[in-house]
Amino acid sequence: MARLLELDAEVLAPYLAQLTGLLAQRVDPGAARILDLGSGPGTGSLALARQFPAAQVTAVDISPQMLHRLQKQAAARGVADRISTLEANVDEPWTKITEKGPFDLIWAAAFMHHVSDPARTFTRAFEHLRPGGLIAVTEMDFFPRLLPEDTGTGRPGLEARLHHATNTQPPHEWTGPLADAGFVVEERRPFEIRLDGAQAGPALNAYAHLFLAKLRSHATDVLEADDLAALDALLDETQPQSIAHRGDLNVRTTRTTWLARRP
């Protein structure tokens, strides 16, 4: 998962730059303290440290392995002095987080749906923002689509059928919970991401392989046998139509960000 998240940031770098640029328009460029909730390997923390050069970023995650990867990346990029890591479970009291605040900006990317009580987490986030501070909550609609309609293996439309069979959860919606916690929701912005191979860069094939392999692990009982066989062939690096060797991949996905402010 850590590698998938790192590849996601690499492939979707234009989108990430657009999003952090939007935050820079809404937050004082001299922002001193930023909190990254559920940081994972810290792709958001690194992007925020780059966008806000005066800020100290606190990355919080339950996984020491994820935080170790972030520490290595921060050192490699020369920002280790501005990114601190904190191993903590946000479902438990925020004692350690409190010591780092209050914050000018809280970032929660593809994370809020993992917490046991989102309402409580939003209330705690509200309490840990300074007045006028901003929270940015981002969710992906589902895994990105990456394949052409006809892959040359099996029936056309394989990826559409794969998504239809495995995308069974309702979309996340945080406007109401943010308002209930006391925030003023300033914007709910969908980002329609469309990147061709050149824009996505050389990591696209590895990115597509990891995403589709992850979906394959959930598809055994929901796809027809011929579709499973075609997907397996695409994931087999020894096959001529393998995702690993294709030059016709592209990225189509939607990410939605809620921007809300503490009055």
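Visitor: Which residue of β4 does D36 stand opposite?
Guide: In this predicted model, strand β1, residues 33-37, is paired with β4 in the parallel sense over 3 bridges. Within β4, the residue opposite D36 is W107.

Visitor: In what order do the 7 strands of the open sheet lie?
Guide: The pairing in this sheet is mixed. The strands follow the order β3-β2-β1-β4-β5-β7-β6.

Visitor: Which strands stand at the edges of that sheet?
Guide: An edge strand here has a single partner strand, so one side of it is left without a neighbour in the sheet. This applies to β3 (83-87) and β6 (184-195).

Visitor: What is the handedness of the β-α-β unit made by β4, helix α6 and β5?
Guide: Strands β4 (residues 103-109) and β5 (residues 129-140) run parallel and are joined by 6 bridges; F103 stands opposite L129 in β5. Helix α6, residues 118-128, belongs to the unit together with these two strands. The unit is right-handed.

Visitor: Which residue of β7 stands opposite V137?
Guide: Opposite V137, the residue in β7 is W258.

Visitor: Are α7 and α11 roughly parallel or roughly perpendicular to each other?
Guide: The axes of helix α7 (residues 158-166) and helix α11 (residues 225-235) come within 11 Å and cross at roughly 110°. Angles of 65 to 115 degrees count as roughly perpendicular. The two helices, α7 and α11, are therefore roughly perpendicular.

Visitor: How many nonpolar and how many charged residues make up the contact of α7 with α11?
Guide: The crossing of these helices is left-handed. On the α7 side the contact is made by L158, R161 and L162, and on the α11 side by D227, A230, L231 and L234. No polar residue takes part, and the division is 5 nonpolar and 2 charged.

Key:
Residues are numbered from 1 along each chain as its sequence is written. This is a predicted model: local features need pLDDT of at least 70, side-chain atom pairs count only at pLDDT 80 or more; totals for chains, interfaces and linings use all residues. Side-chain values use heavy atoms; hydrogens and water are left out. Two strands pair if DSSP finds at least two bridges between them. Helices (H or I, at least four residues) and strands (E, at least two) are DSSP runs, numbered from the N terminus. A crossover is right-handed if, with the strands pointing away from the viewer, the path from the first strand over the helix to the second runs clockwise. Axes are lines fitted to C-alpha atoms, for helices over the stretch in contact, and angles run from 0 to 180 degrees between N-to-C directions. Angles under 35 degrees count as roughly parallel, over 145 as roughly antiparallel, 65 to 115 as roughly perpendicular and the rest as oblique. A crossing is left-handed if the near helix is turned anticlockwise from the far one by less than a right angle, and right-handed if clockwise. Contact means heavy atoms within 4.5 Å. Ala, Val, Leu, Ile, Met, Phe, Trp, Tyr, Cys and Pro count as nonpolar, Asp, Glu, Lys and Arg as charged, and the others, Gly among them, as polar.
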